[in-house]
Amino acid sequence: TNETRILKQVCTQLEHRWRSTRLEVFRHAWPDNLLNYKNALSAARTTYYSNGNKNNPKFLFDKVA
């Protein structure tokens, strides 16, 4: 989704800023934002797989296999 894409961009920017400047503020902000991104990604996956596809074994098996 658009939200996960923006969160990933911000996370990448924070990582780049931390690696280039080595400032503590970026070092602490980067993992916090990474956790937010992972939670949003997990929620998006859950929504995707649960919307109308939970009763379709072929759809779920194709995604796993």
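Not counting residues up to four places away in sequence, L7 touches N33, N36, Y37 and A40, where contact means heavy atoms within 4.5 Å. The structure is a predicted model in which local features need pLDDT of at least 70 and side-chain atom pairs count only at pLDDT 80 or more, while totals for chains, interfaces and linings use all residues. Residues are numbered from 1 along each chain as its sequence is written, and side-chain values use heavy atoms, with hydrogens and water left out.

### Exercise 1. The chain as a whole

Determine the secondary structure of the protein chain and what percentage of its residues count as buried.

Solution. Step 1: apply the rule that helices (H or I, at least four residues) and strands (E, at least two) are DSSP runs, numbered from the N terminus. The protein chain then has three helices and zero strands, and its pattern along the sequence is α-α-α.

Step 1: classify the residues by accessible area, where buried means under 20% relative accessible area, exposed over 50%, and partly exposed in between (1.4 Å probe, protein chains only). Of the 65 residues, 18% count as buried.

Step 2: consider the surface, using the Shrake-Rupley method with a 1.4 Å probe; for residues, only the protein chains shown count as cover. The chain exposes about 5300 Å², and 56% of this comes from carbon and sulfur atoms.

### Exercise 2. Helix α2

Compare the reach of helix α2 with its expected span, and list the buried residues of α2.

Solution. Step 1: the expected span is 1.5 Å times one less than the number of residues in the helix. Helix α2 (residues 24-50) has 27 residues, and 39 Å is expected; from first C-alpha to last it reaches 40 Å, close to that value.

Step 1: the buried residues of α2 are F26, W30, N33, Y37 and A40. What covers them includes α1.

### Exercise 3. The core and its aromatic pair

Identify the residues of the largest nonpolar core, and describe the aromatic pair found in the structure.

Solution. Step 1: a nonpolar core is a set of buried Ala, Val, Leu, Ile, Met, Phe, Trp, Tyr and Cys residues joined through side-chain atoms within 4.5 Å. The largest has five residues: C11, L14, W18, F26 and W30. Both α1 and α2 give two or more residues to this core, and α1 gives the most, with three.

Step 1: rings of Phe, Tyr and Trp (its six-membered ring) pair if their centres lie within 6.5 Å; planes under 30 degrees apart count as stacked, over 60 as edge-to-face and the rest as tilted. A search of the whole structure finds one aromatic pair. W18 and W30 form this pair, which is stacked, at 5.7 Å centre to centre and 25° between the planes. Since W18 lies in helix α1 and W30 in helix α2, the pair ties together parts that are twelve residues apart in sequence. Both W18 and W30 are buried.

### Exercise 4. R22

Locate R22 in the chain, state whether R22 is buried or exposed, and describe the position of its charged end.

Solution. Step 1: R22 lies in the loop between α1 and α2. R22 is exposed because its relative accessible area is 52%.

Step 1: most residues other than glycine have a negative phi. Phi of R22, however, is near 60°, a positive value.

Step 2: a charge sits over a ring if NZ of Lys or CZ of Arg is within 6 Å of the ring centre and within 35 degrees of the ring normal. The charged end of R22 sits over the ring of W18, 4.6 Å from its centre.
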